[in-house]
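Please look through the structure slowly, moving from the strands to the residues around them.

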Amino acid sequence: MASLTIRQLDEQLKKQLRLRAARSGRSVEDEVRTILRAAADEGGADAKETVSAPKPARRTDEAADTKRVLLIIGGGIAAYKSLDLIRRLKERGLYVRCILTKAAEHFVTPLSAGALVGEKVFTDLFDPAGEFDVGHIRLAREADLIVVAPATADLMAKMAGGLASDLATAVLLATKTKILLAPAMNPLMWANKATQRNLAQLVADGVALVGPNEGEMAESGERGVGRMAEPLEIAAAAEKLLGAGASLPLKGKRILITSGPTHEPIDPVRYIANRSSGKQGHAIAAAAAAAGANVTLISGPVNLPDPTGVNVIKIETAREMLDAVETALPADVAIFAAAVADWRVANAGVQKIKKKTGQATPELSLTENPDILSTVAHRTSQRPKLVIGFAAETEHVAANAKAKLARKGCDWILANDVSPQTGIMGGDSNTIQLVTAKGIEPWPTQSKQDVAAMLIARIAAEIWK
Ligand SMILES: Cc1cc2nc3c(=O)[nH]c(=O)nc-3n(C[C@H](O)[C@H](O)[C@H](O)COP(=O)(O)O)c2cc1C
């Protein structure tokens, strides 16, 4: 069937269409669909067959519970990451519209952003077609959240000063919608008193922030605070701001998580253990439950409260943990965050081993514990769709984790460096490298809760794709 685009129509017809669309509050495309649908209905059955029905009558933004994000991309080097951010927001079932500033167009094109959002990208305040079609006031009004990423020093200054000199700033000024900024700039620009003054003003005005993070800058050799938060962090912050109405991305899914250390007895009163606190595994369990999952947490001995809404099974040894894991199957996803002892004492005393003066010290003979991650990953029945392990390494973190992924047969490994100087074991923050068959993705250093939120978002995207 022949196709006709709106651009091919004559100017007079386009003008009439724009006016009709503006009056009815629809986009030009939707107006055309409405006219065609009405014509098809009037023409009876024959006409319905020949006039190809305009594809889905509902636009994604019209679904009652779909939250709408307007993403404004500023003119910074981190703009390329905002293309990934579009994907991350859409993964969460959010409807995304996008504005590129003039400066942003030097870094990414409207074509690439448009391909990712799946519709026209807005760039010009004085575009007559744009004003009739959606227009800056509609852009401002039809969003549940506005995300500015990267928020450049210039955009922040304009916002703090109340300027409306281009489409992005006009929209930002014409809205009551919550705004989330992801600043990104050179550390000296960020530390500059003017930027800090603008930041203080924006925070006082109620603008929310994600980042900037500390780290390597795009400019070679530069480090400091000014790096844009990672797309997944921004998406998680956006979802949080969208609040109670945001989706429960793991609703109805069964998630099995192990956490904490295991204790391997030497005798009834002594044991071999490790420094795992269980903070990461417990945070993942809490995040999964908050995302609507049905969570079973199998935990070694820890000093933490049970996460709310989670079925907690407490065990001590690696063998008990394996038993509990196998009993808890089937599950959609299994996450093995526990630091399971590799070995146990083969000749553990049934009674307390007594110290006897003059006698040789007792010798402990170790034997290997079952490998819980590998056992579950290699199951031929009831293997969870996604099996995720942790790799606690003290050297060659990425290389060891890649080897572990292949050896254990699991789908993802979250590798972290647990050398004492990192403070990760028992600490409150974590630096993860996500290792999958596709490659290695470094995550920023962040709280264990934020790691958990990022992981849950990734899992949701994976299991619904
Ligand atoms: C290569 C290059 C990289 C830049 N990166 C940044 C940046 O990361 N952050 C920033 O605030 N400005 C950056 N700038 C400066 C902005 O592009 C400039 O201030 C621009 O006016 C910002 O436009 P906007 O308000 O549309 O974002 C960069 C400029 C160039 C030429």
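Which residue is the bridge partner of Leu-181 in S5? The bridge partner of Leu-181 in that strand is Leu-209. The model is a predicted one, in which local features need pLDDT of at least 70 and side-chain atom pairs count only at pLDDT 80 or more, while totals for chains, interfaces and linings use all residues. Residues are numbered from 1 along each chain as its sequence is written.

The secondary structure of the protein comes to 17 helices and 21 strands, where helices (H or I, at least four residues) and strands (E, at least two) are DSSP runs numbered from the N terminus. Of its 465 residues, 40% count as buried; a residue is buried if 20 or more other C-beta atoms, placed from the backbone, lie within 10 Å of its own, exposed if 12 or fewer do, and partly exposed in between.

Five strands form an open sheet in the order S2-S1-S3-S4-S5, with parallel pairing, and two strands pair if DSSP finds at least two bridges between them. S2 and S5 (208-209) stand at the edges, each with a single partner strand, so one side of each is left without a neighbour in the sheet.

Strand S1 (residues 68-73) is largely enclosed by the rest of the structure, because five of its six residues are buried. S1 pairs in the parallel sense with S2 (residues 95-100) over six bridges, and with S3 (residues 145-151) over four bridges. Val-69 stands opposite Val-96 in S2 and opposite Leu-145 in S3.

Another cis peptide bond joins Gly-211 and Pro-212, with omega about 0°, and Pro-212 has its place in the loop between S5 and strand S6 (213-216).

In the loop between S2 and H5 the reader will find Lys-102, which counts as exposed because it has 12 C-beta neighbours inside 10 Å. Lys-102 and Thr-123 are 21 residues apart in sequence, and their C-alpha atoms are 6.9 Å apart in space.

Glu-29 lies in helix H2 (residues 28-42) and counts as partly exposed, because it has 17 C-beta neighbours inside 10 Å. Gln-382, found in the loop between helix H15 (372-377) and strand S16 (386-393), has a positive phi of about 55° although it is not a glycine. Gln-382 is exposed, with 10 other C-beta atoms within 10 Å.
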